[in-house]
Amino acid sequence: MRDIGYSFESALADIVDNSISAEATRIDIVNDVDPVAGPYLGILDNGWGMAPAELTQAMQHGSRSPREVRDAGDLGRFGLGLKTASFSQCRRLTVVSRKGGELAARCWDLDLVVEKDEWILRLLDEHEISRLPLVDRIGANGTLVLWQKLDRLDALSDDANEIYAALNQMFSSARAHLALTFHRFIAPDPGDPPAEVAILINGATVEPVDPFARRMTPHSDAHEVETLSIGTGEIIVQGFTLPHHQRLTTDQLEAMELGSSLIETQGLYIYRARRLVSGGSWLGMARRAELTKLLRVRVDVPTALDSEWSIDVRKSRMRVPAIVSTRLRPLVERMTESARRPYTYRGTRQAATSGLSLWQRVEDRGKLRYEIRRDHPIIEDLRRAAGARGGTEAVLLAIEATLPLETLFSDIAATPKGVRQGDVDTEALRQMLAAFVEAMVPGRDTLPVAIAEKILATPVFAGQPHARTLLSGLRRIQE
């Protein structure tokens, strides 16, 4: 039971589930080193609390049947999470709870279980309870889950500094996990119940991490909400196309990558009762691709469909039912096609509007290639300059054939903000503008405003703040 497969952060999240199910509005996670008992971790909430009989039942393994109908907001499933999550990290689990003014405590100590070879649940008396850390912080109603004998704590030694270092290392990943897993409780989405839950680690508030970037500027583009009626429940599906990386600051891009990369974190984000169960995978419905890396799809699954989804004890894995997969796949295909627009639209726009893109995207019999536009004024001017010597077409073909697509793909995927092909100094910018002007209005002193705007709309000039001033210095622009 200790080795079901919990990580530290997933075990911690399972305990937080219980606090949220008890309608807690504040959850404090505290770790410290007791001079006598050694390191401990406490999860303290202000939820309903439990009466003595309820607490005893909660400490039973399999305290509730998965066949039992649960409330829509109940994050539990098997009645195992409190025990299995705790035992995965410690050998002594103590739960202290107050409800209606009555304080009770129960303790599982695995060393006692081994010694007596029986499942002996200890009922602590008032004196024993008073000696527990954090117990004085339990309010009128609330629960404290206390982990002691942290034998899975990977400290280099029993020295207090080494123990604190190990705890800090574990919590560095746990904070990010909680921020993402419970972001819809910390900062409810529109349409969610408005009650907010504050989660604090050693007094520091856990800030929510929204994988769909709806609260930042620029924000994501929301797709249409889709509803799938399956048996007794409804699955709500909505896609979000994240803003293009060129519109984001470095910090914003790093936050959107969720500790990995946009390619690795695209896909379906499955929520059970608003709690994130799985994220960053297409679950076999699509392939991870560069052109769909900005697409994330939120899938809300009600607790009524738990058995169909085969959600595991840790609430971190599930199997998508065939009937859901059949109906969800067309929605995913439509959304992935839509998500390509931030990339493909850029090329289409440059070719179709007043800009003068040098490259064009060509789709031919299911294949894609990029060509230099032969009708571009710069290319036409180059052909005229070459005259009878020719050879221009061969040079263009050589440039197209040696375009380093694989390297470009790798560089943009790894460091999208680091690829800045358009950075040019003032003199180089002036030379390029002069070439465009001479190609379009050779031998003239004036430049029609329509042509000037077309030049300035070209991508290489559009992002340059001094381009308009430099262009005015080359030709007098007239209406």
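This is a predicted model: local features need pLDDT of at least 70, side-chain atom pairs count only at pLDDT 80 or more; totals for chains, interfaces and linings use all residues.
Residues are numbered from 1 along each chain as its sequence is written, and side-chain values use heavy atoms, with hydrogens and water left out.

Ring pairs

- Searching the whole structure gives 7 aromatic pairs, where rings of Phe, Tyr and Trp (its six-membered ring) pair if their centres lie within 6.5 Å; planes under 30 degrees apart count as stacked, over 60 as edge-to-face and the rest as tilted.
- Phe212 and Tyr269 form an edge-to-face pair, because their ring centres are 5.7 Å apart and their planes stand at 75 degrees.
- Phe212 is in the loop between strand E8 (204-205) and strand E9 (221-222) and Tyr269 is in strand E12 (residues 267-272), so this pair ties together parts 57 residues apart in sequence; strands (E, at least two residues) are DSSP runs, numbered from the N terminus.
- Phe212 and Tyr271 make a tilted pair, with centres 6.3 Å apart and planes at 45 degrees.
- Through ring pairs, Phe212, Phe240, Tyr269 and Tyr271 are linked into a cluster.

Burial

- Phe212 has a relative accessible area of 0%.
- Tyr269 is buried, at 2% relative accessibility.

Charges over rings

- Arg184 sits over the face of Tyr271, 4.8 Å from the ring centre; the criterion is NZ of Lys or CZ of Arg within 6 Å of the ring centre and within 35 degrees of the ring normal.
- Arg214 lies over the face of Phe240, at 5.0 Å from the ring centre.

Technical notes:
Helices (H or I, at least four residues) and strands (E, at least two) are DSSP runs, numbered from the N terminus. Buried means under 20% relative accessible area, exposed over 50%, partly exposed in between (1.4 Å probe, protein chains only).
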